[in-house]
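Hi,

Here is the structure I said I would pass on. Have a look, and then read on for what turned up.

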Amino acid sequence: MRLGRWRVSGRTLGGFSADAARIVGSVLRFGKLGLSAAEIARLESYGLRYDKRQKREMMADASSGRTVGEADIRALEKAVGVALPADYAGFLREHNGGSPTPSLLDVAATRTVSIQLFFAVLSASANQTVAGVKAQFRDRMPAELVPIARDSAGNLLLIGAGGEIGFWDHELEADDDGAQPYYANITTVAPSFTALLGRIHAE
């Protein structure tokens with residue numbers, strides 16, 4: 001299903017809509033990317049295992065003091081070939097992605113998923129960045145759509161220049177690699193990024 005041309009309305013705060021800022025400030029929290037050496041050690045004591053590359057990338061993200069600026073947003077837009085909606089670009093400048101709490105999103109009347117991560121602009125790990133995931137999936141989704149998050153099962157949330165949010169279900173991908181652009185596995189879940197934030201909930 002082709003995503004529509006929805007537009008975000010309302011006053012903005014540095015590109016981050018006032019409604020989005022209110023939602024994040026009062027309801028949602030975003031965990032920063034990366035883990036310190038002590039945090040990795042604690043998780044490994046519970047049985048989790050990370051290789052040297054993963055540890056290096058996580059510690060690099062945790063210690064990075066870089067913030068996302070306008071030049072970073074413009075570089076990202078050039079890399080993905082899409083002008084990002086103002087509220088989503090503002091979110092990236094403010095948070096650089098991260099893991100949301102709470103994390104549940106209803107993608108159908110009888111289906112709820114858990115959002116694992118909103119992709120970053122800046123990260124030592126390419127599979128955590130918008131541009132990196134876009135490149136990884138470039139032959140598996142319409143070119144005009146951009147991956148912004150993934151759920152715990154590996155499905156993606158996508159955004160287009162018009163702002164509408166789609167849920168990309170990897171279980172329903174086209175069998176034919178030449179079937180792009182393919183929309184049959186994409187379901188619209190929110191008319192804008194701000195609306196998406198307002199639909200994330202706890203149990």
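Predicted model: local features only at pLDDT ≥ 70, side-chain atom pairs only at ≥ 80, totals over all residues.

The side chain of Glu-44 meets that of Lys-55 in a salt bridge, with 3.2 Å from N to O. Glu-44 belongs to helix α2 (residues 37–45) and Lys-55 to helix α3 (residues 52–63), so this contact ties together parts that are 11 residues apart in sequence. Lys-55 itself is partly exposed, at 28% relative accessible area.

As a bit of background, side chains of opposite charge can pair when their charged atoms come close.

Another one to look at is Arg-93 with Glu-70, where the closest N and O atoms are 3.0 Å apart. This pair links distant parts of the chain, since Arg-93 sits in helix α5 (residues 86–95) and Glu-70 in helix α4 (residues 70–80), 23 residues apart. Both ends are partly exposed: Arg-93 has a relative accessible area of 24%, and Glu-70 comes in at 40%.

Then there is Asp-169 with Arg-111, a salt bridge with 2.8 Å between N and O. Here Asp-169 is in the loop between β9 (165–168) and β10, while Arg-111 is in strand β6, so parts 58 residues apart in sequence are tied together. Asp-169 counts as buried at 7% relative accessibility, whereas Arg-111 is partly exposed at 32%. And going back to Arg-93 and Glu-70: salt bridges with shared partners join them with Arg-74 and Glu-77 into one network.

Now for the strands. Which order do they take in the open sheet? There are 7 of them, running β10-β9-β8-β7-β6-β5-β11, with antiparallel pairing. The edges are held by β10 (186–190) and β11 (200–201), each of which has a single partner strand, so one side of each has no neighbour in the sheet.

Enjoy looking around!

Definitions and conventions:
Residues numbered from 1 in each chain as written. Heavy atoms only, no water. Pairing = 2+ DSSP bridges. Helix = DSSP H or I, 4+ residues; strand = E, 2+ residues; numbered from the N terminus. Salt bridge = Lys/Arg side-chain N within 4 Å of Asp/Glu carboxyl O. Buried < 20%, exposed > 50% of the residue type's maximum accessible area, 1.4 Å probe, protein only.
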